[in-house]
Structures are given as C-alpha cells and as structure tokens.
Amino acid sequence: MATAQLTASSISVSARNLSSLEGLRASNVKFASFKPAGGFALSQRPYRCLVVKAATVVAPKYTSIKPLGDRVLVKIKTVEEKSEGGILLPSSAQTKPQAGEVVAVGEGKSIGKTKLDISVKTGARVVYSKYAGTEVEFDGSSHLILKEDDIIGILETDDIRDLKPLNDRVFIKIAEAEEKTAGGLLLTEATKEKPSIGTVIAVGPGPLDEEGNRKALSVSPGSTVLYSKYAGNDFKGSDGANYIALKASDLMAILS
C-alpha cells in the first residue's frame, strides 16, 4: 500500500500530546527545529512522523490484473472537482464515486454443480455499493476490485434514473419527506424523518437458484413498497428527487 509522509520545517506541540503518537506506524525524518511548549528547544534531531496510507499501488512491472472467481475490476469514474456552479470543491466535499467502467472480469462462480459466468461484460458502465471492494492504483488510474454481488446495476447514461438493477436489486424513488408535523410545525432538513416508503422504478432479473435459473422478484415497477429504514444506497436524480437501490430482502411490504 502506498504511503505519504507528513513533514514540516518547524512544528510546535504540547509535550503532553506526544504520547498520542505512540504505537503509530512511523518513519524517521529530521526537522530543522522542534520546539515543545516547555520552553526548551531541540534541533537537528530525528523524530518519528506519521505515515498516511492510500490505495494499494501496483508496481509498473505488472502490466495486467486478472480478477479471480466472481470478482470484477472496475476503473473508477473521476471525482468531480467542481460544483455545477463552477466552485472548486475541497477533497472533504467531493462525493465519493460509485460508478466506473468494467475493464476485466473473473471466470465466474459455482452454485451447486452449475458454473455461472459473470453477468457484466467488459466495457459496461456500472454502479456499485459505496463501501465495496479494494481500491488499487494501476496504470496511472484508480481501480476497484469487487465482487459481482457488490455491483448494483448497469448505467448507460449519466442519469441515475436509467439504472438497470442486477440480480435481486430493486431501484426505488423515495417518497418525499413530510414538510410539517401533525400540528403544522415546519420541519427543518435535520428534523425531517427519513422516509422508508417509495415507488419501484426498476427491478433486477432475480437471484439464481442452485440450477442456475433466475427466480423472479415478487415486486414489479409501479409497486409502492415499505423497506428497511437504513438499507441500500441513496442517489440524487437529475430531477431533484431521491432514489435508493437495495436488495429485495430489504423490502418489508407492498402497500396498496
């Protein structure tokens, strides 16, 4: 895994805070001066500094990555560095990408005695779960190695509303949160209760059984459903509406 060292020409810290550095992975660097709060000074002596971990870097001598089993290699979509209004975003405000292009796939997996190929092909644009996979730096770009089951769906446009869910995933338009309490008080964004009701926009083909056959989901587009409150991955559509993609097992009921 790549590392980046934090260094400085001078630094001032409280002596009682030095104990917080103990036990951290470190390397020796030499500071021009080091001045604790006690009034004494240390100069030209090595001190152990913090090391920040980043994504795993694949050395240039390796020219390809071949995923194994049901794993997929995805080239991560570049993070937007500016807002729609042209304002430069700091790293903390940049949205972590959840989309990319499939550049390599594994040989598939076995269910019972049936061998199943990966359902996505090289070149497909996919959306994946937010915290899935292992990030690697390869060929000058950021990539992600993840399991096929971590892929939510295929997205051929830049509009999340066109998402085509895979396997047992369901794509839902979330009902709007209540703007007022029962007593008529206006709710702020922070106090609005997160809704867990929505309308199904699209469904995947269903999970595979041990014989490799698809089992259709029990919901269909247009159904109004109740789902687990903190399940799935949230998205913002170009229409300003909120959407969520989750597994069919996270659905609790059909409302009518």
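User: Hi! How many helices and strands are in the protein chain?
Analyst: Hello! This is a predicted model, and its protein chain has zero helices and 21 strands.

User: And what share of the residues counts as buried?
Analyst: Of the 256 residues, 32% count as buried. The chain exposes about 16,300 Å², with carbon and sulfur atoms supplying 52% of that area.

User: What about contacts, how many join residues at least 24 apart?
Analyst: Taking contacts between residues at least 6 apart in sequence, 61% join residues at least 24 apart.

User: Let's go inside. Which residues in the largest nonpolar core touch the most other members?
Analyst: That core has 15 residues, and the ones touching the most other members are Val72, Val74, Val102, Val120, Val126, Leu146 and Ile151. Strands 7 (71–76), 8 (99–105), 11 (125–128), 13 (141–147) and 14 (151–154) are the elements that give two or more residues to the core.

User: Which strand gives the most?
Analyst: Strand 7 does, with three residues.

User: What is Val74 in contact with, leaving aside its neighbours within four places in sequence?
Analyst: Val74 is in contact with Gly100, Glu101, Val102, Val103, Val126, Tyr128, Ser142, His143, Leu144 and Leu146. Apart from this core there is another one, of 12 residues, including Ile174, Val200, Val219 and Leu251.

User: Nice. New topic: what is the strand order in the open sheet of six strands?
Analyst: The order is 19-20-16-17-18-21, and the pairing is antiparallel.

User: Why is one side of strand 19 and of strand 21 left without a neighbour in the sheet?
Analyst: Strand 19 (233–236) and strand 21 (251–255) stand at the edges and each has a single partner strand, so one side of each has no neighbour in the sheet. On average, neighbouring strands of this sheet are turned by 40° against each other, direction ignored.

User: How many bridges join strand 19 to strand 20?
Analyst: Four bridges join strand 19 to strand 20 (residues 242–247), and the two run antiparallel. For one example, Asn233 has Ala245 in strand 20 as its bridge partner.

User: How many aromatic pairs does the structure hold?
Analyst: One. Phe171 and Tyr243 make up a stacked aromatic pair, 5.4 Å centre to centre with 15° between the planes. Phe171 belongs to strand 16 (residues 169–174) and Tyr243 to strand 20, so the pair ties together parts 72 residues apart in sequence.

User: Are Phe171 and Tyr243 buried or exposed?
Analyst: Both Phe171 and Tyr243 are buried.

Key:
Residues numbered from 1 in each chain as written. Predicted model: local features only at pLDDT ≥ 70, side-chain atom pairs only at ≥ 80, totals over all residues. Heavy atoms only, no water. Pairing = 2+ DSSP bridges. Axes fitted to C-alpha atoms, helices over the stretch in contact; angles between N-to-C directions. Buried < 20%, exposed > 50% of the residue type's maximum accessible area, 1.4 Å probe, protein only. Contact = heavy atoms within 4.5 Å. Areas by Shrake-Rupley, 256 points an atom, 1.4 Å probe, with all protein chains shown as cover. Core = buried A, V, L, I, M, F, W, Y, C linked by side-chain atoms within 4.5 Å. Phe/Tyr/Trp six-rings, centres within 6.5 Å; stacked < 30°, edge-to-face > 60°.
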